[in-house]
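Thank you all for coming; I would like to take a few minutes to walk through one model with you. Please have a look at the sequence and the structure first, and then I will go through the details.

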Amino acid sequence: MTDDEHYFTADPQAPFKRVPVRTNVWGHWLELTSGSGVFAQGRLDIGTGVLLQDSAPPESARSILDLGCGYGVIGLAIAIAVPGCTVTAVDVNERAVLLANENAAELGVADRFTASVPAGIDPAATYDEIWSNPPIRIGKEALHELLLTWLPRLAPGGHARMVVGKNLGADSLAGWLTDQGYPTTKVSSAKGFRVLETIRG
């Protein structure tokens with residue numbers, strides 16, 4: 001069993017080993033630390049790469065939620081590219097939360113980026129945008145529950161941008177979200193992944 005298979009557990013049992021990741025997003029080099037038991041140890045996964053490559057920084061947004069943040073690459077890239085925004089990152093994996101906060105401190109954005117487990121997030125908070133490479137492999141029912149927990153926290157007119165593998169049900173997920181009252185469209189497709197945009201009415 002690989003480390004990645006443990007990434008959606010709260011307290012992974014794999015021995016904790018920090019692994020560096022260096023990546024360029026929107027013209028900014030990010031020196032990050034990933035780790036064992038956390039999604040995409042030692043690398044920028046393909047789906048996240050597609051999401052960031054095919055999306056422009058959310059320049060007008062002031063409050064961002066990075067849903068299923070892992071070691072924080074999406075939210076941290078946004079915090080660096082959009083100095084006027086505040087990023088809240090959430091993950092059930094306690095190691096991921098630890099690494100994301102450590103990375104924010106190393107990048108000098110800890111005043112605008114905070115990672116937490118779900119119970120630590122203000123339930124009254126709303127967000128201009130949600131960005132996510134959601135944990136599809138937790139199963140359809142759990143994924144649907146996750147999205148219906150967090151999408152209502154979008155401010156009216158807010159947007160969510162998600163990347164989902166085509167072979168993991170991206171198109172059916174877009175249809176399901178639309179049926180739930182969250183109109184969702186495919187905005188780009190690359191390397192077997194779809195970037196979906198969801199609008200809160």
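Predicted model: local features only at pLDDT ≥ 70, side-chain atom pairs only at ≥ 80, totals over all residues.

Residues are numbered from 1 along each chain as its sequence is written, and side-chain values use heavy atoms, with hydrogens and water left out.

How many salt bridges does the structure hold? There are 4, where a salt bridge is a side-chain nitrogen of Lys or Arg within 4 Å of a carboxyl oxygen of Asp or Glu. One of them joins arginine 18 to glutamate 102, with the closest N and O atoms 2.7 Å apart. Arginine 18 belongs to strand S1 (residues 18–25) and glutamate 102 to helix H3 (residues 94–107), so this pair ties together parts that lie 84 residues apart in sequence.

Another salt bridge brings together the side chains of glutamate 31 and arginine 22, at 2.5 Å from N to O, and glutamate 31 is partly exposed at 46% relative accessible area.

A further salt bridge pairs glutamate 197 with arginine 161, whose closest N and O atoms are 3.2 Å apart. This pair links distant parts of the chain, since glutamate 197 is in strand S9 (residues 193–199) and arginine 161 is in strand S7 (residues 154–165), 36 residues apart. Are these two residues buried or exposed? Glutamate 197 is buried, with a relative accessible area of 18%, and arginine 161 also counts as buried, at 14%.

Turning to the helices, helix H4 (residues 140–150) and helix H5 (residues 170–179) pack at an angle of about 45°, with their axes 12 Å apart. The axes are lines fitted to C-alpha atoms, for helices over the stretch in contact, and the angles run from 0 to 180 degrees between N-to-C directions. H4 and H5 are therefore oblique to each other, given that angles under 35 degrees count as roughly parallel, over 145 as roughly antiparallel, 65 to 115 as roughly perpendicular and the rest as oblique. On the H4 side Leu143, His144, Leu147 and Leu148 take part, and they meet Leu173, Trp176 and Leu177 in H5, contact meaning heavy atoms within 4.5 Å. By class, this contact has 6 nonpolar residues, 1 polar and no charged ones, where Ala, Val, Leu, Ile, Met, Phe, Trp, Tyr, Cys and Pro count as nonpolar, Asp, Glu, Lys and Arg as charged, and the others, Gly among them, as polar.

Two other helices are mostly covered. In helix H1 (residues 46–53), 6 of the 8 residues are buried, namely Gly47, Thr48, Gly49, Val50, Leu51 and Leu52, and what covers them includes S1, H2, S6, S7, S8 and S9. In helix H2 (residues 73–81), 8 of the 9 residues are buried, among them Val73, Ile74 and Leu76.

Now for the single residues. Tryptophan 26 has a positive phi of about 55° although it is not a glycine; tryptophan 26 is found in the loop between S1 and strand S2 (28–35), where it is partly exposed at 23% relative accessible area. Lysine 191, likewise not a glycine, has a positive phi of about 55°, and it is found in the loop between strand S8 (184–190) and S9, counting as exposed at 65% relative accessibility.

Alanine 190 is in strand S8, is partly exposed at 22%, and touches Val50 and Asp54, not counting residues up to four places away in sequence. Lastly, proline 123 lies in the loop between strand S5 (113–116) and strand S6 (127–132), and it is exposed, with a relative accessible area of 66%.

Definitions and conventions:
Helix = DSSP H or I, 4+ residues; strand = E, 2+ residues; numbered from the N terminus. Buried < 20%, exposed > 50% of the residue type's maximum accessible area, 1.4 Å probe, protein only.
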